[in-house]
Amino acid sequence: MKEIKIPELAESITEGTIAEWLVKKGDKIEKGDPVVELETDKVNVEVNSDFAGVLVEIVSEEGDDVEVGDIIAKVDENGEAGGDSSEQEEAPKEEKKEEAPKEEPKESPKKEEKKEEQSEDNKQDVIASPAARKRARELNIDLSSISPRDPLGRIRPEDVDAAANGSNNKKEEKPAKKEQPKSAEKTEFDKPVERIKMSRRRQTIAKRLVEVQHESAMLTTFNEVDMTAVMKLRSERKENFVKKHDVKLGFMSFFTKAVVGALKEFPLINSEIQGNELVLKKFYDIGIAVSTEEGLVVPVVRDADRLDFAGVEREIGGLGKKAQNKELQMNDLQGGTFTITNGGTFGSMMSTPILNAPQVGILGMHNIIKRAMVMPDDSIEVRPMMYLALSYDHRVVDGKEAVQFLVRIKQLLEDPYDLLLEG
């Protein structure tokens, strides 16, 4: 019998949550096959089997927290596929134990077989963990009669125990109660609420957002940028750009190149604190915040200073697709030196972005709104304007540097032709 264990994942990750089993008990698996999806603080990763054989036992259920080195399943290298074999072997043993003391007349074998078939059909219709099925067999309880507490309808061992004690049985419920959500409860004001367990990633995001505000002296400075030149340049070159590079020319490449240019002039904003020292980074790995169903992730565009506009667009597009498809790897998320977040995609006009520790700066982009602006000659023109926000760690960056950094980004975006020549 071989054991499948949680492997070493990354230097900063020591635990995770079982998100989904990709195989079931009794399945035949090969060496290297993915068997379970593990949710970690940053990404979901698949755990592969180091052995070929039959999965005979699932030790950790979906939703269970596990650590590196924990045993999550067992594989019989000489076993034969067929998930119900163990259940079929156990059932006769239980029947034999119960047959001896019974002296009451039994129903005919045909009727008993029909009942068993119906019972098995009902059991297959319900969603229950292997441990719950085993417990139900031990207590001789029909799984279809159990009302699970899990909002997703999955029956767990504690539900079986509750049913055995007569406190959780569908047949005893009143019809009116079925209309209430399984996870609903009443507050002190007798109002319905629903409790939903936070995912591991959401818990980590919440924890780190609070930590960064407690551990840094975070301030935010604002400015606005006239997007006329960028929009004109995009309009002029977008068709040829696509033909030449097979990728669209978006706004993010302009902002990424502008950030890199400003960071070179203000190197403290491309640093981090380590103990009593400042680490000034001589490379420019720019994090691009991406919103996913599981929460915010920040994949990193490596060596953005060495990429041209097309290279930046390809990197951002590729990382965005990987984020949405849950294909990001740990190395996609590690080592960023500065972050850009674009709340404008959701319609945000102005916001205060929170630092992505241990970085000391983050740029917030917002939506583009046409506004009446007073020109240098005192004429009034309608211009596409965007508010910019720079949050920074005042322990490292003084207000003067922060303001000048943001002004430099504004200047580079309002005259973007130099960025194109450089990139």
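## The loop at Gly343

Gly343 sits in the loop that joins strand 20 (338–342) to strand 21 (361–365). Helices (H or I, at least four residues) and strands (E, at least two) are DSSP runs, numbered from the N terminus. This is a predicted model: local features need pLDDT of at least 70, side-chain atom pairs count only at pLDDT 80 or more, and totals for chains, interfaces and linings use all residues. Residues are numbered from 1 along each chain as its sequence is written, and side-chain values use heavy atoms, with hydrogens and water left out.

Gly343 counts as buried, at 19% relative accessibility. Buried means under 20% relative accessible area, exposed over 50%, and partly exposed in between (1.4 Å probe, protein chains only). Leaving aside neighbours within four places in sequence, Gly343 is in contact with Ser348 and Met365; contact means heavy atoms within 4.5 Å. Gly343 and Asn367 are 24 residues apart in sequence, and their C-alpha atoms are 7.2 Å apart. The loop between strand 20 and strand 21 also holds Pro358. The peptide bond from Ala357 to Pro358 is cis, with omega near 10°.

## The chain as a whole

The chain has 10 helices and 23 strands. Of its 423 residues, 39% are buried. Among contacts between residues at least 6 apart in sequence, 62% join residues at least 24 apart.

The chain exposes about 24800 Å², and carbon and sulfur atoms supply 47% of that area. Accessible areas come from the Shrake-Rupley method with a 1.4 Å probe; for residues, only the protein chains shown count as cover.

## Nonpolar cores

The largest nonpolar core has 71 residues. Such a core is a set of buried Ala, Val, Leu, Ile, Met, Phe, Trp, Tyr and Cys residues joined through side-chain atoms within 4.5 Å. Trp21, Ile72, Ile286, Phe338, Phe405 and Ile409 have the most contacts inside this core. Helix 7 (residues 251–265) gives the most to this core, with eight residues. Domain 1 (2–76) and domain 2 (219–420) both contribute residues, so the core lies between them. The domain bounds come from an automatic or database domain assignment.

Ile409 shows some of the packing. Beyond its neighbours within four places in sequence, Ile409 is in contact with Ala258, Val259, Ala262, Leu363 and Leu388. Another core, of nine residues, lies apart from the largest one. Ala128, Ile141, Ile146 and Ile155 are among its members.

## Salt bridges

The structure holds 11 salt bridges. Each one is a side-chain nitrogen of Lys or Arg within 4 Å of a carboxyl oxygen of Asp or Glu. Arg408 and Glu265 form one of them, at 2.8 Å from N to O. Arg408 lies in helix 9 (residues 399–414) and Glu265 in helix 7, so the pair ties together parts that are 143 residues apart in sequence. Arg408 is partly exposed at 25%, and Glu265 is partly exposed at 43%.

Helix 9 also carries Glu414 and Lys410, four residues apart, about one turn of the helix. Their salt bridge has its closest N and O atoms 3.0 Å apart. Glu414 is partly exposed, at 31% relative accessible area. Glu272 and Lys281 pair at 2.5 Å, N to O. Glu272 is buried at 11%, and Lys281 is buried at 13%. Asp226, Glu381 and Arg383 are linked in a network of salt bridges.

## Surface patch

Phe222, Met349 and Met350 form a nonpolar patch on the surface, with about 280 Å² of accessible area together. Patches are made of residues with over 30% relative accessible area and no salt bridge; like charges are joined within 9 Å, nonpolar side chains (Val, Leu, Ile, Met, Phe, Trp, Tyr) within 5 Å. Phe222 lies in strand 13 (residues 218–226). At 38% relative accessibility, Phe222 counts as partly exposed.

## Other loop residues

Most residues other than glycine have a negative phi. Asp246 has a positive phi of about 60°. Asp246 is in the loop between helix 6 (228–245) and helix 7, and is exposed at 69%. Lys326 also has a positive phi, near 60°. Its place is the loop between helix 8 (309–324) and strand 20. Lys326 is partly exposed, at 44%.

Ser49 lies in the loop between strand 5 (44–48) and strand 6 (53–58). Ser49 is buried, with a relative accessible area of 1%.
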